[in-house]
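Here is a walk through one model, from a sheet to a helix pair to a chain contact. Please keep the sequence and the coordinates in view.

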Amino acid sequence: MISAIGRSTLLATSYLGQLGILTAETVTAMFAAPIRWKLVFRQMIEIGARSQIVVAVTGAFTGAVFAAQIYFQFQRFGMASAVGSVASLALFRELGPTLTGLMVAGRVGAAIAAEIGTMKVTEQIDALRSLGVHPIDYLVVPRTIAMLVSMPLLVAEACALGIVASYIVAVPMLGVAEAPFMKKLIFYTHVSDIAIALIKGFVFAMIIVAVSCHEGLKTSNGAAGVGRAPTAAVVISSLAILGMNLILTFGLNAIFPSGQ
Amino acid sequence: MIEVQKLSKSFGSNQVLREVDLTVEEGRTLVVLGRSGCGKSVVLKHLIGLLKPDSGRVLVDGEDVTDLHERKLTAVRRKIGMLFQSAALFDSMSVEGNLAFPLREQGVRDPKEIDARIAEALDMVELAGEQAKMPADLSGGMRKRVGLARTIVGRPRCILYDEPTTGLDPITSDSINHMIRRLQRRLGVTSIVVTHDMKTAFHCADRVALLHEGRVHFDGTVDGLRASGDPIIADFIEGRSGESD
C-alpha cells in the first residue's frame, strides 16, 4: 500500500517534471526561434474557430439550466430577480472557464495528441529533426500561441452566451421582471469576475496544450500508442483542469475578493 | 567524412551497440549489414543526432556531434540527408509540399527556384510530374522515391539510407538499388546504406560492415566479404538460420 502510494507520487512528480521541461522549452523557443505565424493562424482556426459551436452550446445551455434552477429555489424566498447576478457570477468565476476547458480538452486536446502521436510513430518527427527543424518550434509553439489566444476568447464567449440564455429563461420564459434582473446583474458583476474567467481560461489553455503535446510527443508502440495518446491527453487535462480550478478559485479570490 | 568511435548504446537492459567503430570516406558508399534488430538503424540515427550514445563519439567532418544541443545540430543535419525506412513523408502535405519543405527551411524563397529544384529532384527518382499527389495515393516504392527526392532536394553531401528496399518487390528493390548508385555517381555524395538485403549490399557498396551482437564483425570490401570463410558471414550471405524442419 505504502509502496504503491510512493510509486504513484514518484510517477506524478516525474510527469510534472516532464511537463515543466516541455513548457520551459516551449517558452524558450518562442523567443529563441522565429515564430511560424502561418502555422499559428492555421491552429487558431482549428482550436478557436472550430471549437465555437461546442463552446457556445455548452455556455448557453449551462446558463439556461442554471438560471432555471436558481429561479426554482430563489422564488420561494422572493429573490427571483437575483437570477441574473447569481448566474453571471457563477458563469464568470466557475462554470464558464471550467466547462470551456473540459470541452476544449475533449475536442482539441485529443486532436493534438492524436496528430502529434501519429507523426511520432510514423517517424515524421524524426524526419523534421533530420531536416534541421526543431519539433518544439514546428509543432508545439504554434499550438501553444493559438491555444493561449483562443481559450480566453472562447471562455468569454461561453460566459456571454450563458448570461444571454439565463436572461431568456428568466425574463420571457419564467416571468422575472426585466429591470431588477438587469440592475442586479450589472451591479453584482465586476471587472474582477471577468478577469478571473479570462485568467482561468489562460491557465487551462496552458494545461491542455502542454499535456496534449507531451502525450503526443511521447507516443510509442504504433497504432495502440496512437490510440492511447488522445485518451490520456483528455483524461489528464480534464483532471488537471478540475484540480487547478480549485487552487485558482482560492488564489484568485484572495487577489480579487468576491463583491469588490 | 564520418567517423564513429567506440559507440555504445543501450535501451533499458538491452545493450544494442558495443563499442562500434566505423569510418566513411568522402564520396564513398558504406553498406552496414546485419540481422533485424542488431542496431543498424540505431547507428544511423546517431550520425545525425536523433539518438545520443551512452558512450563513444560521432565525428562529422572532424566535428564531434555527440554532445551538440538539438539546435546546434541544424548545420550538421543540413550536410546529411536521411531516407527513413517508412519514407516518413509528411502526410498532410502533397509531394510538392514535402519537397518544398527542406528548401524553405534552408531559406530558399524564390518560387521559380523551388519549382525547378523540385522538378529536378523528382526527375532523378523517375517521378517527374507527380508533384500534386498526396502521400496516401502513392505505392510503397513511390513513397521511398519521394522520400529520396526530399532527401536530395536540399543537396546534402551525405545520404543515409535506412533499409531502402525493405517491403518492396524485387523489381522495385532493384530499381532503388540502381538509383542509389546513380545518385552517388551523379551527385558525388557520401552514402551509408543500412540493409539486410544482400543484393543491395553487393550492388551499392564500396565497403561493407557487418554488425553482429552489437559489434562490427566484419569491415572490408565486398570481395573480402564474399571470400570470408567466417561461418557467421557465410550464414548471413546465404540466408541460413541453422534450423531444420
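The paragraphs below take these topics in turn.

This is a predicted model, in which local features need pLDDT of at least 70, side-chain atom pairs count only at pLDDT 80 or more, and totals for chains, interfaces and linings use all residues. Residues are numbered from 1 along each chain as its sequence is written, and chains are lettered from A and ligands numbered from 1 in the order in which they are written.

In chain B, six strands form an open sheet of mixed pairing, in the order 6-7-8-3-9-10. Helices (H or I, at least four residues) and strands (E, at least two) are DSSP runs numbered from the N terminus, and two strands pair if DSSP finds at least two bridges between them. Strand 6 (80-83) and strand 10 (215-220) of chain B are the edge strands, each pairing on one side only. Strand 7 (residues 158-162) and strand 8 (residues 190-195) of chain B run parallel and are joined by five bridges; B:Leu160 has B:Ile192 in strand 8 as its bridge partner.

In chain A, the axes of helix 4 (residues 83-121) and helix 6 (residues 135-173) come within 8 Å and cross at roughly 145°. Axes are lines fitted to C-alpha atoms, for helices over the stretch in contact, with angles from 0 to 180 degrees between N-to-C directions.

The contact between the chains takes 11 residues from chain A and 15 residues from chain B; two residues are in contact if their C-beta atoms, placed from the backbone, lie within 7 Å. On the chain B side, helix 2 (74-79) and helix 3 (95-105) each supply at least two residues.
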